Amino acid sequence: MDDPYHGYPYQTDYPPQDEDAASDATEGADEDDQMYEGEYQGIPHPDEIKEARRAARVEARRKARMAAQQEEEEENLPEQYETIMEDCGHGRFQWMLFFVLGLALMADGVDGFVVGFVLPSAEKDMCISNADKGLLGLLVYVAMMVGALVWGGLCDKMGRRKCLIYVLTIDLVFSFLSCFAQGYGFFLFLRFCSGFGIGGSIPIVYTYFTEFLQMDKRGEHLSWLCMFWMFGGLYASFTAWGIIPHYGWGFAIGTHIQMHSWRLFILVCLFPALAALIGLVFMPESPRFLLENARHDEAWMILRQVHDTNWKAKGEPERVFTVTNIKTPQTQDDEFIEIQSETGTAFQRWTVRKMTMLQQVMANIMSLSAPELRLQGLLLVIVWFCLAFSYHGLGVWFPDMIKYMQYEEYESKVRIFHRERVERFHFNFSLVNQIHREGEYIHDKFANIEIKSVKFESSLFENCYFEDVKSTNTFFENCTIKNTVFYNTDLWQDKFKNCRMENATFLHPKKGCHLNFQEENDIVIYMVSFLGSLAVLPGNIISALFMDKIGRIRIIGGSMLASSACTFLLLLSFSQGAVICWQCLFYGVSVAAWNGLEVISVELYPSSKRGTAFGILNGICKFAAIIASSIFAAFIGITKIIPIFLAFAALVCGGMVALKLPETREKILS
């Protein structure tokens, strides 16, 4: 029989041990200390498996207890916070914050009018084409849309006050620089950056102010806050009318920077943002934000400040802030990946922090699709889009329709001259709104005159002399120019279309674009914007007084449905006065829906997601405005029926959907 260990010589390299020796070698050894056979193969010991399972069960029970405790504390925090705010009362502190945040909201309202007011002058000053002119308004709205999305999300992670300071600073810096931009590309970039900053103001302002208000004051005082957007429109309209048409108010900085009056208007428009930024330095962070981020001591100090400020102003300084402990949710520390100094630079650590914060903001956005938030979020998106689409669409349609009516009226008064012959005549008077066809001008002199909206068709100019001529919307088509001198005029190549030049001389031409403030600044446009802004005052007052009495849903739904009925009156717009009248009526009725929608948007979402959600909704508002502006403007001069029908359909749809939203009048901020 073969040896079973044949082929394994190492088994015979050691001499066999005695039984006694083997016994001595294992004496006192524990069975548990013996080598586990599977260890060579990497198989864990059964006892290790049991221990791991036991530890996992203990950890799971610990996490379950923590989750239950956190849920209980999160449920208790809203009630306790509401009780604290009631104890603090509503008084001097809230009113100071009201005016500071109102100025920030006013700055946003001013920015919404700036581009429309400066564009007629800026397009002449910087030679902006029609295509580029539309690009300016589009990019500003895109910037505000992006700003609302970004800053709304960041204020839930960085804090309401800090983000609002950043927003106002960005707006101030880039708006100030845009006053001095001489090139259109640079001006466009600076206005885009300014729009990105101020676009985040609305989500932050409403979120910030809401968290200092008790439940029975929220609807009314948030509605009063909305009035500052109206003040922004009034301020922009009044200052534009008072500054832009006055060319003499401009000045030059060196030889390359020309500060015309429209640039001074942009500078004056910075005052609300500057005042808000200065006031915000003295305001504290939202205590609700601090509590949500487990910063208990800071929140307690701010709440005591609110309490003492209010009661001291009411003549009761002896009242003591009795709250000693506020239950805060067990929040995990920010998952920042710190890079040690020996392995990374300060810039690398800063980059990691910012990238991690960005991931947290994105996670917050994704959490809005949770089942409990999905339905109300979808309803809010529809209402916001419908209201913004109709409001901003008609906001473009009203002034454009007035301009079109002015143009039609002007065109109806045009004078037509056919085959006239003028010889050795001195034109020393202005030519306005005329068409000259197949005329002949021999040895004529045009000196020190303005030619406005004049067209020469198939005409002959021979041995003529043009000197110090200013022209606006004037063209020469299919004309013959012989032995003619143009001295110090703005009649240049772009004014002559398919013309035949024979020995024509241009001396000291005024090339490029030139401002004509009497032509480019129509007082009617400023008046229309001023009256449109002023018309929302009654709607603001009514919505503020009744927001907490009849509820947000009835305000929103009723206002949108009433506004849809007002759109039919636009079919009766046969004159400029009628358009202005119906514009004021529409704005006055629809503003109540805006107020109710902004109130309910901050009340429906929890504090940790409030800024993010409002930012998304406000971004959708800007997106709807972009779409509506292009659609409604396309039908000017073609038909009134389609824009009116689109506005009516959007308002009815939004109003009906708004009635399905949950009422938040007696809802404690979650």
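Student: Why is the charged end of R288 said to sit over the ring of Y81?
Tutor: In this predicted model, the charged end of R288 is 5.1 Å from the centre of the Y81 ring, and because the criterion asks for CZ of Arg within 6 Å of the ring centre and within 35 degrees of the ring normal, the contact is listed under that label. The charged end of K495 likewise sits over the ring of F475, 5.8 Å from its centre.

Student: What makes the pair of W397 and F398 edge-to-face?
Tutor: The structure holds 48 aromatic pairs, and in the one formed by W397 and F398 the centres are 5.8 Å apart with 70 degrees between the planes.

Student: How do you know whether W397 and F398 are buried or exposed?
Tutor: Buried means under 20% relative accessible area, so W397, at 1%, counts as buried, and F398, at 0%, therefore counts as buried too.

Student: Which residues have the most contacts inside the largest nonpolar core?
Tutor: That core has 141 residues, and those with the most contacts inside it are L101, L168, Y206, L225, F265, L280 and L380. Helix α3, residues 92-125, gives the most to this core, with 17 residues. Leaving aside residues up to four places away in sequence, L280 touches V100, L101, R161, L164, I165, L168 and Y208. Another core, of 19 residues, lies apart from the largest one and includes F427, C464, F466 and L491.

How values were computed
Residues numbered from 1 in each chain as written. Predicted model: local features only at pLDDT ≥ 70, side-chain atom pairs only at ≥ 80, totals over all residues. Heavy atoms only, no water. Phe/Tyr/Trp six-rings, centres within 6.5 Å; stacked < 30°, edge-to-face > 60°. Buried < 20%, exposed > 50% of the residue type's maximum accessible area, 1.4 Å probe, protein only. Core = buried A, V, L, I, M, F, W, Y, C linked by side-chain atoms within 4.5 Å. Helix = DSSP H or I, 4+ residues; strand = E, 2+ residues; numbered from the N terminus. Contact = heavy atoms within 4.5 Å.
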